[in-house]
Structures are given as structure tokens and as C-alpha cells.
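We will go from stop to stop, picking out a few residues each time.

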Amino acid sequence: GRGGVSAAAAAVAASASSDAASSASSSVPALPEVAGNADATRRVLAQTKEERQRIIDERRLAIDFYDDDEDECYDADEDKHGKCDLERFPRCGNDELICYNRTNRRDKFYSDWHPRFYINYRRVLCYPASWEGWGGCSSCSPGRYCKHEQRCILDEATYCCEGEWGCDDGDNDEDEDEDEE
């Protein structure tokens with residue numbers, strides 16, 4: 001019950017205070033962590049926001065919800081979360097769409113205690129474009145993407161994503177059965 005939440009809160013507070021202490025001791029602005037090795041870090045840090053957006057647009061990386069400022073990637077070889085190295089995403093064909101298959105973190109949460117999600121390079125796949133709308137891509141696995149909030153929700157069954165799903169009024173749930181007699 002509540003014990004897990006308070007333990008998680010203590011862990012988050014402890015990590016936040018240690019982050020604050022380490023950043024206070026240094027006057028140099030912190031560079032973003034990159035989910036990759038030193039070469040990936042140099043490549044990502046050399047890219048301007050405009051260059052990254054051009055790559056995202058050209059390669060249609062935003063076809064499945066992608067936010068270069070918010071999304072984090074995980075590099076299993078380096079065991080590190082950080083800014084995504086766009087070159088590590090697969091190059092999908094013209095008849096395919098990218099799918100990130102994000103998964104939930106167990107160590108990082110939003111202020112409302114919903115977990116943050118990350119993209120594991122190994123789980124990013126190209127799906128046939130013909131699957132669009134048929135549930136072929138899972139933006140969040142487990143969970144469901146709430147477009148309105150621009151984030152994944154782990155426990156979608158008990159959550160109201162305003163204007164999309166899970167709210168009591170029944171007018172906005174795109175999965176609701178319409179087979180009433």
C-alpha cells in the first residue's frame with residue numbers, strides 16, 4: 001500500500017537532493033546525458049535542435065509519438081539512460097512506420113507518481129504501415145499513450161486521459177463498443 005509510495009518518495013527525494021548537491025558544486029552547465037558510448041555522445045551533442053528536428057522529420061521518427069526534448073533512451077551496453085541517439089533508430093521503409101515500444105522506468109516518476117517511460121534501442125521496430133490503426137504499434141508497453149498529456153500512462157484502466165479514453169462520461173473512449181441493441 002502506502003509504504004511503497006513513501007519508500008519511493010524517499011528514494012526520489014534522496015536522488016534529487018544528491019543531484020542538487022552535485023550540480024551546486026559545479027558552475028559549469030551540465031551537458032545532457034546521452035544513451036550511448038563516447039562517439040554517440042559527441043555526435044548527439046554536436047547536433048543543433050534544428051538538425052535533430054530535420055532528422056526526425058526526414059526519417060518520419062515522429063509518426064509514433066516522439067518528443068526530442070522529453071523522450072529518453074536506454075543503452076543496454078552502457079547501462080545508461082539519456083538523450084536519444086537518432087542514428088540508433090532503425091531506418092524504416094516507405095511502407096513501414098517506426099514504433100518505439102517504450103517501457104516504464106522503476107526509478108523515475110512524474111509528480112503524480114506515474115512512472116516515466118524510456119525507449120530501449122533494442123525494442124524500436126518498423127511495422128507495416130497497413131497496421132496503422134489496428135494496434136500494431138504499442139507506443140507504451142505496458143501502458144497507453146495519452147496524446148493530451150504527451151506521456152505514457154502505465155495503469156490506463158484507472159486513468160482518465162481527457163478527450164481520449166478512460167473518463168466516466170463515455171463520450172471520448174475510442175475503444176468503447178458501439179454494439180448496443
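Select Cys160 and Cys167: these two form a disulfide, with their sulfur atoms 1.9 Å apart (a disulfide here is a pair of cysteine sulfur atoms within 2.5 Å). The link of Cys160 and Cys167 is right-handed, with 80° about the S-S bond. Cys160 is partly exposed at 32% relative accessibility, whereas Cys167 is buried at 13% (buried means under 20% relative accessible area, exposed over 50%, and partly exposed in between, with a 1.4 Å probe and protein chains only).

Before you move on, note that this is a predicted model, in which local features need pLDDT of at least 70 and side-chain atom pairs count only at pLDDT 80 or more, while totals for chains, interfaces and linings use all residues. Residues are numbered from 1 along each chain as its sequence is written, and side-chain values use heavy atoms, leaving out hydrogens and water.

Select Cys146 and Cys161, whose sulfur atoms are 2.0 Å apart in a disulfide. The torsion about their S-S bond is about 90°, so this disulfide is right-handed. Cys146 lies in strand S7 (residues 144-146) and Cys161 in the segment after strand S8 (151-153), so the pair ties together parts 15 residues apart in sequence (strands are DSSP runs of E with at least two residues, helices are runs of H or I with at least four, and both are numbered from the N terminus). Both Cys146 and Cys161 are buried.

Next, pick Cys92 and Cys126, another disulfide, with sulfur atoms 2.0 Å apart. Here the S-S torsion is about -85°, so the disulfide is left-handed. Cys92 sits in the loop between S2 and S3, and Cys126 in strand S6 (residues 125-128), 34 residues apart.

Time for some rings. The model has 8 aromatic pairs (rings of Phe, Tyr and Trp, using its six-membered ring, pair if their centres lie within 6.5 Å; planes under 30 degrees apart count as stacked, over 60 as edge-to-face and the rest as tilted). Select Tyr66 and Phe89: their ring centres are 5.9 Å apart and their planes stand at 85°, so the pair is edge-to-face. Both Tyr66 and Phe89 are buried.

Now select Tyr74 and Tyr118, an edge-to-face pair with 5.7 Å from centre to centre and 65° between the planes. Tyr74 lies in strand S1 and Tyr118 in strand S5 (residues 115-120), so the pair ties together parts 44 residues apart in sequence.

In S2, look for Lys80, the bridge partner of Asp75.

For the last stop, centre on Tyr110. The charged end of Arg116 sits over its ring, 4.0 Å from the centre (NZ of Lys or CZ of Arg must be within 6 Å of the ring centre and within 35 degrees of the ring normal). Arg151 also lies over the face of Tyr110, at 4.7 Å from the ring centre.

Key:
Two strands pair if DSSP finds at least two bridges between them.
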